[in-house]
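Work through the exercises below with the structure at hand. Try each task before reading its solution.

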Amino acid sequence: MDRHIPLQQNRTSTLFTHRDVGQIVKTISEDAVFIGLNLPAHIVSEIDAFARTEPLYTNFDPDGLPFRYSDVIRGKAPDGRSVPIAGIRDPTRCPAVQAVVDDPVLRSIVRTYLGHEPREVMTIMNWSFASDFSEDERRRLRHQNVLDYHYDVGGYNFVYASFYITDTDRNSGAHVMMKRSHKHKPLRMLFGSASAGEASVRKQFGIENEIMIEGKAGTGFVQDTSCYHRATPPSHRDRLMLAVRFIN
Ligand SMILES: O=C(O)CCC(=O)C(=O)O
C-alpha cells in the first residue's frame, strides 16, 4: 500500500475517454457511484504484467514469506498458507499505476466531489484468488470484513476509484453495492456498526438499488464509499483490482 500526500499534478493528458467531470460528479452525488471511467488497454496490460511478477503479501500475515501470483493455486500459497487476498507493496512503482493515480480527469472528479484536494491518497493493488474457503475460514483470515456489507465512516476512505485489471463477473469477485445508500441512513445504521446484514440493507434501501459491477479488464468506477458496499468471493477466476483511495 502506498500513502502519499503530495499530488503530482504535472500530467496534462488524461487516460480516460470519458471526461465530463460535471456529469460524473453529479452521478456520484446522486447514486454514490459512477461506472465507466475505463482504462485503455495498454495501461491494463502494463499493470497486469507488473502484478504477475511482483512479490505478494497476505493482509493477515504481512511479514510472512512473499510469493508470486503463479505460485498460488486456489488460494493456497506454496507453503500451504491460505490466501484469499494478497497485495503488492508500493504499486505506484509501476509507471502505469502512477499515471492512473495522477490522472488529471480523475483528480478533477475527486477535487470537485470533495470540494478540496484530498488529504491523503492510498493506492492498493490486490489479487483475490478463486477458492473454496468456508465463511468461517474467511473470517479467520480477515477476508469476511469486506464480504459483508459495510460503509466507510465519513472523513475516512471517502472516494475510491477502482479498476478491474482482469475480466470480472459474478464468478470472479464482482463488487456489489447499494446505490444511493450514501445518503439517508437511518440513525440506527449511523450509530451502530458500519457493517450490516444483507437483509437489513436491502430492506432499508430496496433490492432494486443493489448492483453488481461486472466488466471487462479496464472497467473503472468511482464511488463514495460511505455507501453500503461489499466484495464477493471469487469462485472460478482470480480478480486483480487497483483501488485508489482519496481520503477526505
Ligand atoms: O474488493 C472489493 O470489491 C471491495 C473492497 C471493500 O469493500 C473495501 O475495501 O472496503
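Predicted model: local features only at pLDDT ≥ 70, side-chain atom pairs only at ≥ 80, totals over all residues.

Residues are numbered from 1 along each chain as its sequence is written.

**Exercise 1.** Find the strands that pair with strand 7, and sort the side chains of strand 7 by direction.

Solution. Strand 7 covers residues 159–164 (strands are DSSP runs of E, at least two residues, numbered from the N terminus). Strand 11, residues 220–224, pairs with strand 7 in the antiparallel sense over five bridges (pairing takes at least two DSSP bridges). Here Phe163 has Gly220 as its bridge partner. Strand 13, residues 239–247, also runs antiparallel to strand 7, with six bridges.

Now the directions. Val159, Ala161 and Phe163 point one way; Tyr160, Ser162 and Tyr164 point the other way. In a regular strand, side chains alternate between the two faces of the sheet. All six residues of strand 7 are buried (20 or more other C-beta atoms within 10 Å of a residue's own, C-beta atoms being placed from the backbone).

**Exercise 2.** List what Val222 touches.

Solution. Leave out residues up to four places away in sequence. Val222 then touches Ile24, Ile28, Val33, Phe34, Leu37, Ile109, Val159 and Ala161 (contact means C-beta atoms, placed from the backbone, within 7 Å).

**Exercise 3.** Which residues are around the ligand?

Solution. They are Val146, His175, His229, Arg230, Ala231 and Met241 (C-beta atom, placed from the backbone, within 6 Å of the ligand).

Conventions: Contact = placed C-beta atoms within 7 Å. Buried ≥ 20, exposed ≤ 12 C-beta atoms within 10 Å, placed from the backbone. Helix = DSSP H or I, 4+ residues; strand = E, 2+ residues; numbered from the N terminus.
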